[in-house]
Amino acid sequence: MNRIEILRKYVDNVLLKMTDNEERRCAYVHLYGVEQACSMIAIKRGEDVELSMAAGMLHDIYSYSAMDSKDHAHKGATMAIDILVASGQFNDDEIKKICTAIYSHSDKGTIDSSFDEVLKDADVMQHYFYNPLVEVKESERVRLEKLIKEFGLA
């Protein structure tokens, strides 16, 4: 089993504990969707695909495990450290890189490292493509417009 499958198994176990079926469905769609968008964006931009996918899979794990989105990026980064260390699959530099991206992913108005930007953009992309008929959050509009141009969708 590769490292991504190990993380998926962990995440699946967290999500299966959710009692609200609709919330659980949304959690699966979002986490797996962001993970896949991370993969695509990382490939296009020449970033580490596997680490990007790990960040995508874990970026909202705190929200779904605690059913609390307050300060979820910062709390999620701390939780992700524990998950990644416990997995025994990632070295300290990889853990730091993944968790730094998770820590900053909610701040869509700030430009961080090129690696961190993959997660932010993947999060925005998944929000939009989940249902393009829903109005885009103002905090995500500029990023989405850039992504649409970058991927030749306009």
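Trainee: Which helix gives the most to the lining of the largest pocket?
Mentor: Helix 7, with 6 residues. Helices here are DSSP runs of H or I, at least four residues long, numbered from the N terminus. A pocket is an open set of points on a 1 Å grid over the protein atoms alone, where a 1.4 Å probe fits, with protein on both sides within 12 Å along at least five of seven lines; lining residues have an atom within 4 Å of a point.

Trainee: What am I looking at, anyway?
Mentor: This is a predicted model, where local features need pLDDT of at least 70, side-chain atom pairs count only at pLDDT 80 or more, and totals for chains, interfaces and linings use all residues. Residues are numbered from 1 along each chain as its sequence is written, and side-chain values use heavy atoms, leaving out hydrogens and water.

Trainee: OK, what volume does the largest pocket have?
Mentor: About 710 Å³, which is the space filled by probe spheres set on the points.

Trainee: And which residues are closest to the centre of the largest pocket?
Mentor: Out of 26 lining residues, those are His 30, Asp 123, His 127, Lys 137 and Glu 140. The elements giving two or more residues to that lining are helix 2 (21-45), helix 4 (61-66), helix 7 (114-130) and helix 8 (138-150).

Trainee: What's the volume of the second largest pocket?
Mentor: That one comes to about 190 Å³. It has 13 lining residues, and Ile 111, Glu 117, Asp 121, Arg 143 and Lys 146 are the closest to its centre. Helix 7 and helix 8 each give two or more residues to this lining, and helix 8 gives the most, with 7.

Trainee: New topic: where is Tyr 130?
Mentor: Look in helix 7. Tyr 130 has a relative accessible area of 43%, so it counts as partly exposed (between buried, under 20%, and exposed, over 50%, with a 1.4 Å probe and protein chains only).

Trainee: Which residues does Tyr 130 touch?
Mentor: Leaving aside residues up to four places away in sequence, Arg 25 and Val 29; touching means heavy atoms within 4.5 Å. Cys 26 is 104 residues away from Tyr 130 along the chain, yet their C-alpha atoms are separated by 9.9 Å.

Trainee: Back to helix 2: which residues are buried there?
Mentor: Among them are Arg 24, Ala 27, His 30, Leu 31 and Gly 33. What covers the buried residues of helix 2 includes helix 1 (3-16), helix 3 (49-58), helix 4, helix 7 and helix 8.
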